[in-house]
Amino acid sequence: MNPKDRLIFPLDVPDKDTARRYVDLLREEVGLFKVGLELFMAEGPVIMQELANEVGPNRFFLDLKFHDIPSTMHGAITTILHGITLTTIHCDQGLEALKKMVASLGGDFKILAVTVLTSISSEDLLTLGYDRQYAEDPTQLVLLKAKLAQEAGCAGVVCSGQEVKAVKKECGQDFLVVCPGIRPAWGAVAGDDQKRIVTPYEAIKNGADYIVVGRPIRTAPDRVAAARQVVAEIAAGMKD
Ligand code: C5P
């Protein structure tokens, strides 16, 4: 894998014209584009087809973080399958629900299970009613969920760069790990909602297969230069 193939740029933008501009600008700089709730709500499922026509089916994935009963998730995802080979669902429905999703999608379809959002802090976990053991060490909670996801047949998980080493050790190198919550030293985000953050270099050095970098690139004065700087850090992390 080239360093740039490991970089995912989230199309967290309000409409398809803006999304297209980012795709045109960054298609040579990043590996994958991610469609999340904002663009999907604005443009509907048809955006997936339109992007597939523009950048090819293997250059983007759908990150809606499904979280519902299995039959509802199944119904929702099978209506928008076109051109999608990778999607995200929350781990929290439990083992049987995860297994059902994996089985009902089947084939070459990959599911990434979201463990603990990178915007969640230890304090948030306590407020949410999690045991102190998990609040004090979110890695333990991420590991619990990652093992569940692996047992269910998911292709991998989404977690922060702080937990990736532990997940790879527990679940093996082939179990995919995607890390958002990436903040380069030069890429502070005003009013940031991300809490469990690491740099591109650290995430990759810790074993991440892919990193998601949005606002540090999107809000940079020169977005192409920012993407290239992230890719340089990825390359350094791969080397060490
Ligand atoms: O770099 P930035 O914080 O702007 O990127 C955030 C992106 O990563 C958003 O699209 C968000 O949905 C996604 N994401 C996340 N935390 C997760 C999973 C995905 O921030 N656990």
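Trainee: Which residues come nearest to the ligand, of the 16 around it?
Mentor: A residue is near a molecule if one of its heavy atoms lies within 4 Å of it. Around the ligand there are 16 residues. Those that come nearest are D12, K34, R183, Q194 and R215.

Trainee: What should I know about the model and its numbering?
Mentor: The model is predicted, so local features need pLDDT of at least 70 and side-chain atom pairs count only at pLDDT 80 or more, while totals for chains, interfaces and linings use all residues. Residues are numbered from 1 along each chain as its sequence is written, and side-chain values use heavy atoms, with hydrogens and water left out.

Trainee: How far is a polar backbone atom of G214 from an oxygen atom of the ligand?
Mentor: A polar contact is a pair of N or O atoms within 3.5 Å; within protein, one must be able to donate a hydrogen and the other to accept it, and residues adjacent in sequence count only if both atoms are side-chain atoms. The side chain of T118 has an N or O atom 2.9 Å from a nitrogen atom of the ligand. For the backbone of G214 and a ligand oxygen, the distance is 2.8 Å.

Trainee: Is K65 buried, partly exposed or exposed?
Mentor: K65 sits in strand β3 (residues 60-66). Strands (E, at least two residues) and helices (H or I, at least four) are DSSP runs, numbered from the N terminus. A polar side-chain atom of K65 lies 3.1 Å from a ligand oxygen. Buried means under 20% relative accessible area, exposed over 50% and partly exposed in between (1.4 Å probe, protein chains only), so K65, at 29%, is partly exposed.

Trainee: What phi does K65 have?
Mentor: K65 is not a glycine. Even so, its phi is positive, at about 45°.

Trainee: Which residues does K34 contact, leaving aside neighbours within four places in sequence?
Mentor: K34 is in strand β2 (residues 32-36). Its relative accessibility is 8%, so K34 counts as buried. Contact means heavy atoms within 4.5 Å. With those neighbours left aside, the partners of K34 are I8, F9, P10, L11, F61, D63 and V212.

Trainee: Which residues have the most contacts inside the largest nonpolar core?
Mentor: A nonpolar core is a set of buried Ala, Val, Leu, Ile, Met, Phe, Trp, Tyr and Cys residues joined through side-chain atoms within 4.5 Å. The largest one has 70 residues. Apart from it lies another core of 12 residues, including F61, L112, A155 and V158. In the largest core, the residues with the most contacts are L11, V167 and I211.

Trainee: What is the angle between the planes of F9 and Y22?
Mentor: Rings of Phe, Tyr and Trp (its six-membered ring) pair if their centres lie within 6.5 Å; planes under 30 degrees apart count as stacked, over 60 as edge-to-face and the rest as tilted. By this rule there is 1 aromatic pair. F9 and Y22 form it, tilted, with centres 5.4 Å apart and planes at 35°.

Trainee: Where in the chain do F9 and Y22 lie?
Mentor: Both residues, F9 and Y22, are buried. They are 13 residues apart and link distant parts of the chain. F9 is in strand β1 (residues 7-10), and Y22 is in helix α1 (residues 16-26).

Trainee: What span should helix α8 have?
Mentor: The expected span of a helix is 1.5 Å times one less than its number of residues. Helix α8 (residues 138-152) has 15 residues, and its end C-alpha atoms are 21 Å apart.

Trainee: What covers the buried residues of α8?
Mentor: The buried residues of α8 include L141, V142 and L143. Just after α8, G153 takes a positive phi of about 100°. The cover includes α5 (95-105), β5 (110-114), α6 (122-127), α7 (132-136), β6 (156-158) and α9 (164-171).

Trainee: Which residue caps the N-terminal end of α12?
Mentor: Helix α12 (residues 223-239) reaches 24 Å from its first C-alpha to its last. Its buried residues, among them V230 and I234, pack against β1, α1, α10 (200-205), β8 (210-212) and α11 (215-218). At the N-terminal end, a side-chain oxygen lies 3.2 Å from the backbone nitrogen of V224, and the capping residue is D222.

Trainee: Is T87 buried or exposed?
Mentor: T87 belongs to strand β4 (residues 86-90). Its contacts beyond four places in sequence include L62, F66 and I77. With 0% relative accessibility, T87 is buried.
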